[in-house]
Structures are given as structure tokens and as C-alpha cells.
Amino acid sequence: MSDSFDETGKAIAKILLEEWDPHDAARRDARGAYDVYVEPLAALIREGADEQAIVDWLHEREKETMCFPSLGTQRLRRIARLLLGVKRS
């Protein structure tokens, strides 16, 4: 995780690595693997995205980078709620 992130960015990066982590980066100790996603997600949250918009965004990132069929989106709802909770912290 980048030290240049503010508290919101750090919280988002932590959720991506510890809760979402579709590439198993935490296990591989690839801590900055999702840093590129932090600012776009922070922007979505600041702009008032709802749970479905966050789910769709995460799902699109998975489809872009994963080489196996989609796992669907239901499991992403909890992660979207966590991410949306960042703006309230």
C-alpha cells in the first residue's frame, strides 16, 4: 500500500487487499497490487456511487484482469458496503 494515500485511500487499499483480493496478493505479499484502483474507487465514493455501482466497478476490474469465468457479483456486495462505509468514517 502506498504511503502517499490519505486516510481514506489507506482504508480503501486495506479493504481491497484484505477483503476483495481476487489475485491472492495478500498471500503473495504483493501489498501494492491494487493501489491503482484506490483513486478511481475514492472518486466513485466521493461522487455518491451506490452499492450497485461499486459492485459493478469491482466486477469489471475482475473481468479485465482474471483469466477464469466470472464468479458473479453477490460476494461483492459485502465489499461494496465496506468501501461505502469508508466515506462515513
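# Helix packing and an aromatic cluster

Biologist: Where should I start? What do the buried residues of helix 4 pack against?
Modeller: They pack against helix 1 (7-20), helix 2 (35-46) and helix 3 (51-65). Keep in mind that this is a predicted model.

Biologist: Which residues of helix 4 are buried?
Modeller: Helix 4 covers residues 76-86. Its buried residues are Leu76, Arg77, Ile79, Ala80, Leu83, Leu84 and Val86.

Biologist: How are they placed around the axis of helix 4?
Modeller: Look down the axis, and the buried residues fall within an arc of 160°. They therefore line one face of helix 4.

Biologist: Let's take one partner. At what angle do helix 3 and helix 4 pack?
Modeller: At about 115°. Their axes are 9 Å apart.

Biologist: Is that crossing left-handed or right-handed?
Modeller: Helix 3 and helix 4 cross in a right-handed way.

Biologist: Which residues meet there?
Modeller: Helix 3 brings Glu51, Gln52, Ile54, Val55, Leu58, His59 and Glu62. Helix 4 brings Leu76, Arg77, Ile79, Ala80, Arg81, Leu83 and Leu84.

Biologist: What does Glu62 touch, beyond residues up to four places away in sequence?
Modeller: Trp20, Pro22, Arg75 and Leu76.

Biologist: New topic: aromatics. How many aromatic pairs does the structure hold?
Modeller: Four. One of them joins Trp20 and Tyr37. Their ring centres are 5.8 Å apart and the planes stand at 65°, so this pair is edge-to-face.

Biologist: Which parts does the pair of Trp20 and Tyr37 tie together?
Modeller: Trp20 lies in helix 1 and Tyr37 in helix 2, so the pair ties together parts that are 17 residues apart in sequence.

Biologist: Are Trp20 and Tyr37 buried or exposed?
Modeller: Trp20 has 7% relative accessibility and counts as buried. Tyr37 has 13% and counts as buried too.

Biologist: What about Tyr34 and Tyr37?
Modeller: They form a stacked aromatic pair. The centres are 6.4 Å apart, with 15° between the planes. Both residues are buried.

Biologist: Which residues form the aromatic cluster?
Modeller: Trp20, Tyr34, Tyr37 and Trp57 form one cluster.

Biologist: Switching to helix 1. How buried is Ile12?
Modeller: Ile12 is in helix 1. Its relative accessible area is 0%, so Ile12 is buried.

Biologist: What is Ile12 in contact with, leaving aside neighbours within four places in sequence?
Modeller: Val38, Leu41, Ala42, Ile45, Leu83 and Val86. Leu83 and Val86 are also among the buried residues of helix 4.

Biologist: And what separates Ile12 from Gly85?
Modeller: Along the chain, 73 residues. Between their C-alpha atoms, 9.8 Å.

Biologist: Last one: Asp21. Where is it found?
Modeller: In the loop between helix 1 and helix 2. Asp21 has 14% relative accessibility, so it counts as buried.

Biologist: What is the phi of Asp21 near?
Modeller: Near 40°, a positive value in a residue other than glycine. Most residues other than glycine have a negative phi.

Terms used
Residues numbered from 1 in each chain as written. Predicted model: local features only at pLDDT ≥ 70, side-chain atom pairs only at ≥ 80, totals over all residues. Heavy atoms only, no water. Buried < 20%, exposed > 50% of the residue type's maximum accessible area, 1.4 Å probe, protein only. Helix = DSSP H or I, 4+ residues; strand = E, 2+ residues; numbered from the N terminus. Arc of directions from axis to C-beta. Contact = heavy atoms within 4.5 Å. Axes fitted to C-alpha atoms, helices over the stretch in contact; angles between N-to-C directions. Left-handed = near helix turned anticlockwise from the far one by under 90°. Phe/Tyr/Trp six-rings, centres within 6.5 Å; stacked < 30°, edge-to-face > 60°.
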